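Hi,

Here is the model I promised to pass on. Have a look, and my notes follow below.

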Amino acid sequence: MEGESSVKLHEMWASTYSKRVELALKLKGIPYEYMEEDFTNKSQLLLKYNPVHKKVPVLVHDGKPIAESYIILEYIDETWKTGPKLFPEDPYERAKFRFWASFIQQQLFESFSRVVISQGQGEALEQAVKDVFERLGVFEEGMKEYLAGGASFTNGENLGLLDILMVVTFSPHKVHEEVFGIKTMDPDRYPLLFSWITALNEHPLVKQISPPHDKLVELLQIYKPTNQARGSESH
Ligand SMILES: N[C@@H](CCC(=O)N[C@@H](CS)C(=O)NCC(=O)O)C(=O)O
């Protein structure tokens with residue numbers, strides 16, 4: 001089935017949600033057609049395929065559209081049985097895995113997004129930065145325990161969903177430091193997370209999907225805090 005199916009991905013080069021899907025497709029070795037979207041002039045196809053949210057990513061498999069990145073990731077894992085599994089097979093392992101996937105999405109990604117959109121607005125920025133660092137501490141401890149329990153990822157070969165979420169959230173941590181003055185992947189505070197992301201950033205497929213540093217810095221200038229010092233002071 002894989003050989004003949006048509007797979008198209010509507011995305012945007014800097015979209016972290018799109019990068020989740022792009023990395024999953026590459027990890028599974030699924031060929032796909034890249035459909036770049038311009039948010040100022042969305043294609044008729046995107047509006048037709050995702051009339052509810054009108055957002056990327058949208059995966060179109062043999063003409064059938066699927067929207068929402070997490071749902072697409074599940075669809076990919078269930079549809080293509082070849083290549084590494086993104087989710088563990090065992091129901092209990094899967095449940096624990098989903099717990100941390102949800103933590104990355106709902107706690108880490110959410111608080112980091114608040115740093116970005118607060119645009120240096122005093123209290124909102126300070127609270128968001130505080131939340132990011134607190135939650136990174138919780139995540140560091142959680143991962144120590146999770147890995148001690150025998151879970152394996154971060155080995156640079158069989159990347160799974162947690163790696164994907166980690167990549168899209170933190171692989172541009174040097175860009176975040178440059179633009180927002182917030183050092184998320186601090187080796188002294190979060191040694192496990194730092195070594196994990198450093199290993200992930202060396203993975204050839206991660207390199208392929210990562211937006212160029214300078215281009216991303218330029219794009220994010222619109223979100224740059226007016227008082228950048230605040231972000232750096234707070235950690
Ligand atoms: N919950 C969605 C979020 C998707 C999303 O926010 N996509 C952004 C790009 S990262 C988008 O399409 N923005 C265009 C717009 O809002 O007009 C998912 O997981 O796929």
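First, a term: a polar contact here is a pair of N or O atoms within 3.5 Å (within protein, one must be able to donate a hydrogen and the other to accept it, and residues adjacent in sequence count only if both atoms are side-chain atoms). With that in hand, a polar side-chain atom of Ser69 sits 2.7 Å from an oxygen atom of the ligand. An N or O atom in the side chain of Lys42 is 2.5 Å from a ligand oxygen, and a polar backbone atom of Val56 is 2.8 Å from a ligand nitrogen. The protein covers 74% of the 510 Å² of accessible area that the ligand has on its own (Shrake-Rupley method, 1.4 Å probe; for residues, only the protein chains shown count as cover).

Some housekeeping: this is a predicted model, where local features need pLDDT of at least 70 and side-chain atom pairs pLDDT 80 or more, while totals for chains, interfaces and linings use all residues. Residues are numbered from 1 along each chain as its sequence is written, and side-chain values use heavy atoms, leaving out hydrogens and water.

Now Phe87. This residue is in the loop between helix H3 (69–79) and helix H4 (91–118) (helices are DSSP runs of H or I, at least four residues, numbered from the N terminus). Phe87 is buried, at 2% relative accessible area (buried means under 20%, 1.4 Å probe, protein chains only). Leaving aside neighbours within four places in sequence, its contacts (heavy atoms within 4.5 Å) include Tyr70, Leu73, Phe97 and Leu161. Phe87 and Phe97 are 7.6 Å apart, C-alpha to C-alpha.

Cheers

Note on methods
Helices (H or I, at least four residues) and strands (E, at least two) are DSSP runs, numbered from the N terminus. Buried means under 20% relative accessible area, exposed over 50%, partly exposed in between (1.4 Å probe, protein chains only).
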